[in-house]
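Trainee: Could you show me how to read aromatic pairs in a model?
Mentor: Gladly; let us open it together.

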Amino acid sequence: MRVIARTPRGLEAGEVLAEASDEQARIMEGTPGGQIMREMSADDANELTHLQQREREAFETCCKHATRLNLQMELIDVEHVFGGERLVVYYLAEERIDFRDLVKALASEFQTRIEMRQIGVRDEAKLLADYGDCGQPVCCGTFLSEMPPVSMKMAKVQKATLDPTKISGRCGRLKCCLRYEYDTYEALQQDLPPIGSDIVTANGRARVLGQEILAQQLLVAMEDNRRVLIPASDVLSVLKAGSGRRERRGDRDGETERRRDGETERDAGQEGEAPAEPGA
């Protein structure tokens with residue numbers, strides 16, 4: 001049902017999403033509340049349509065004044081609050097902007113309160129984006145009430161491709177959905193020996209080369225250098241815990257060279273003259 005509600009911003013048009021419950025109250029904790037005043041009438045719907053049509057004109061007017069004042073800001077959107085109490089201007093800027101002259105010009109032209117709101121690129125996507133790569137409406141514009149930070153570590157643990165074009169959302173930042181299953185992956189990974197660990201299995205000693213976290217399996221190298229995939233339940237004991245990082249080929253080659261150099265030095269010492277006795 002579409003309704004008219006009073007919020008801290010004034011009268012606003014809204015849509016009922018769910019019945020009020022303790023669970024919904026917990027999810028919305030910290031979000032400013034409001035009060036439903038009435039069901040949206042035909043006159044309300046016409047007024048809302050009229051305001052939305054005027055927003056394009058207001059956006060162009062804001063751009064004109066910002067350019068005239070030479071303000072280093074990028075206007076993203078303009079929103080007319082339903083009750084007419086204010087006009088909200090959303091913008092991006094690298095540095096702090098002195099927009100006092102802009103506010104005066106807009107207030108004089110629109111005869112209402114002007115609210116300037118600086119946002120980030122994630123907020124820009126929340127305002128303007130429609131659908132994500134998954135084919136669903138973007139999460140930030142539907143059910144996410146807050147956007148927690150997302151790190152590259154989350155993508156690596158889930159073995160997602162690290163191609164930035166494939167793990168970035170409409171905002172250009174890492175996709176929010178990389179966080180959804182991260183806690184589960186992290187909990188399951190704690191039950192697996194880290195990469196690089198020396199372990200004992202029913203078939204002998206082995207070294208952990210990789211982890212299949214969801215399947216709870218390990219890629220291991222046996223003593224005869226065979227690489228096999230085994231269930232984590234086959235691990236009898238961990239002799240030495242690894243660092244958790246994959247060995248790079250360069251690291252292994254360097255270790256081989258250092259070992260060879262050491263053997264060469266020892267061989268040369270054995271073949272050369274014996275060291276002189278002290279005092280000789």
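Mentor: Here we go through the aromatic pairs and then one leucine. This is a predicted model, where local features need pLDDT of at least 70, side-chain atom pairs count only at pLDDT 80 or more, and totals for chains, interfaces and linings use all residues. Residues are numbered from 1 along each chain as its sequence is written, and side-chain values use heavy atoms, with hydrogens and water left out.

Trainee: How many aromatic pairs does the structure hold?
Mentor: A pair of aromatic rings is described by the distance of the centres and the angle of the planes. Rings of Phe, Tyr and Trp (its six-membered ring) pair if their centres lie within 6.5 Å; planes under 30 degrees apart count as stacked, over 60 as edge-to-face and the rest as tilted. This structure holds 2 such pairs. In one, the ring centres of Y91 and F99 are 6.0 Å apart with planes at 70°, so this pair is edge-to-face. In the other, F143 and Y180 have centres 6.3 Å apart and planes at 50°, so that pair is tilted.

Trainee: Is Y91 buried or exposed?
Mentor: Buried means under 20% relative accessible area, exposed over 50%, and partly exposed in between (1.4 Å probe, protein chains only). Y91, at 3%, is buried, while F99, at 23%, is partly exposed. F143 counts as exposed at 55%, and Y180 as partly exposed at 40%.

Trainee: Which residues does L162 touch?
Mentor: Contact means heavy atoms within 4.5 Å. Not counting residues up to four places away in sequence, L162 touches M152, A155, K156 and I167. L162 itself is partly exposed, at 43%.
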